[in-house]
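Student: Hey, could you walk me through this structure? I'd like to start with one residue and go from there.

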Amino acid sequence: METGDTQPGEAALAAHFDATIALMRQIEPRDWMPDGYRKTMIRQIAQHAHSEIIGMQPEGNWITRAPSLRRKAILLAKVQDEAGHGMYLYAAAETLGADRADLTALLIGGRQKYSSIFNYPTLSYADVGVIGWLVDGAAICNQVPLCRSSYGPYARAMVRICKEESFHQRQGYELLLTMMRGTAAQQAMVQESVDRFWWPSLMMFGPPDDQSPNTGQSMAWGIKRHTNDELRQRFVDMTVPQADKLGVTLPDERLRWNPERGHYDFGEVDWAEFKAVIGGNGPCNAERIARRRAAHEDGSWVREAAVAYAAKHGEAS
């Protein structure tokens, strides 16, 4: 297992780290850890936090246009939950020595990634339900194993996040069930949304295992418990019966049950599109970062006031 360059005095610490990982126990902030492990954890947690914060935008766009007060309240609560998830995760990154302001600067400067799915537009109200069903469903497949991640603060943050994401997924599915029992126009709206979000949802798990540069080391360190392809297959197997229940068609002609494998076969993801979106060339990349940057700049007075208050309060005490 890679533990990075160690000095003679660190050999025992490195051995203890390796033993802790081998026993599937958790690393805590004060424990010794290899520089590579620390950097990997900061990168993964930061990207996850950024995804929660950027992920507020696509659905937040529909809060004022939701069709009823109940639907507005549901959506408002969900967006608020996503903000909370981002805060939990930034706090977890800070236990590794990261600075939240530095992470934000990397995000709005386009130097740190977030989930590719949030660079697609929400063109209809059905997208709110489809994001809840497919996007949050994919997130749950990804994130439930992270509750057993080897870094303690991250794993503990994921316990609450996964509970709330599960609730969001059920909310989205309930909305789609309601729409599919409605008019032909509503049913068509749902199907059109599913057609747009299906393949980007499969991209959320990352590149195929043979093209993923970080999966092997993350698995060895216990950061991840399953590979990208394993999680993608789990999501497909979970989602197909739900689509049948809804009465929608998933846009994949190769999608069919394989009794020999005990899993659904499915078509090839357009990895060229995935790389383009991750590289900053998706439909909404520029818009998402611009809005996040503007919000950060507009909120500068709040941060300055908080710092001034803390300084004054510290002097008084």
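Tutor: Thr239 lies in helix H10 (residues 228-246); helices are DSSP runs of H or I, at least four residues, numbered from the N terminus. This is a predicted model, where local features need pLDDT of at least 70 and side-chain atom pairs count only at pLDDT 80 or more, while totals for chains, interfaces and linings use all residues. Residues are numbered from 1 along each chain as its sequence is written, and side-chain values use heavy atoms, leaving out hydrogens and water.

Student: Why does Thr239 count as buried?

Tutor: Because its relative accessibility is 0%. Buried means under 20% relative accessible area, exposed over 50%, partly exposed in between (1.4 Å probe, protein chains only).

Student: And what does Thr239 touch?

Tutor: Leaving aside residues up to four places away in sequence, Thr239 touches Trp133, Leu134 and Trp198. Contact means heavy atoms within 4.5 Å.

Student: Changing topic: how many aromatic pairs are there?

Tutor: Nine. Rings of Phe, Tyr and Trp (its six-membered ring) pair if their centres lie within 6.5 Å; planes under 30 degrees apart are stacked, over 60 edge-to-face, the rest tilted. Trp198 and Phe235 make a stacked pair, 5.8 Å centre to centre with 25° between the planes.

Student: Where do Trp198 and Phe235 sit?

Tutor: Trp198 is in helix H8 (residues 184-203) and Phe235 in helix H10, 37 residues apart, so the pair links distant parts of the chain. Both Trp198 and Phe235 are buried.

Student: Which residues form an aromatic cluster?

Tutor: Phe17, Trp32, Tyr37 and Trp221 form one.

How values were computed. Helices (H or I, at least four residues) and strands (E, at least two) are DSSP runs, numbered from the N terminus.
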